[in-house]
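Student: Could you walk me through one part of this model up close? I'd like to know what surrounds it and what it pairs with.
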Amino acid sequence: MASATDARYGQKESSDQNFDYMFKILIIGNSSVGKTSFLFRYADDSFTPAFVSTVGIDFKVKTIYRNDKRIKLQIWDTAGQERYRTITTAYYRGAMGFILMYDITNEESFNAVQDWSTQIKTYSWDNAQVLLVGNKCDMEDERVVSSERGRQLAEHLGFEFFEASAKDNINVKQTFERLVDIICEKMSESLDAADPAVTGAKQGPQLTDQQAPPHQDCAC
């Protein structure tokens, strides 16, 4: 198992040859936007509508191959309720990536995105990579948040944007793989620049600022 430092900086682990890097990723957002279902769809390729609200925080591990590297993902599923906020924000530090999720059928969850974004900036490393995901795009008849509004908010926040469906398995794998690719790209830039953060500075990964990228449309 990689140490906390390795998880924090994505450094190569020499004592365990089962993987080259380990990335800590958090899924955050309001309660009932589908974070747990999204994680189970990706990690286990399973879906059930009967999930109970997450208490505190839980995680799953999944190993993938990207660019000839074996990467172990430690993906944390966080509770969205306010009463768990102190617990969940304690896990932000050391995370290299966030999936910030809202429900396209729930206006309140969309309006909360800005607050969640502020929490990322407050509690995580300055340059943690973030994707904004509008979940439940299979429920088009109940949509209250348009794709365009989601894209505009993502552009305003400087995040890439996906609409997805854990139920219909739309853009779930693509979301995680894109986030991993962005982390790898930024980590490579830091290594190329001989960034001291990658060699163990306490400030965390000093990744270069991300430009607002092309938008991703829902495939449903």
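Tutor: Buried, here, means under 20% relative accessible area, with exposed over 50% and partly exposed in between (1.4 Å probe, protein chains only). Keep in mind that this is a predicted model: local features need pLDDT of at least 70, side-chain atom pairs count only at pLDDT 80 or more, and totals for chains, interfaces and linings use all residues. Residues are numbered from 1 along each chain as its sequence is written, and side-chain values use heavy atoms, leaving out hydrogens and water.

Now for the pairing, which takes at least two DSSP bridges between two strands. Strand 4 (residues 97-103) runs parallel to strand 5, joined by 7 bridges; Asp-103 has Asn-135 as its bridge partner there. Strand 6 (residues 160-163) is parallel to strand 5 too, through 4 bridges, and Leu-131 partners with Glu-160.

Follow the chain and you get a right-handed β-α-β unit made of strand 5, helix 6 (residues 147-157) and strand 6. Right-handed means that, with the strands pointing away from you, the path from the first strand over the helix to the second runs clockwise.

Burial shows up elsewhere as well: the buried residues of helix 2 include Phe-38, Leu-39 and Tyr-42.

How values were computed: Helix = DSSP H or I, 4+ residues; strand = E, 2+ residues; numbered from the N terminus.
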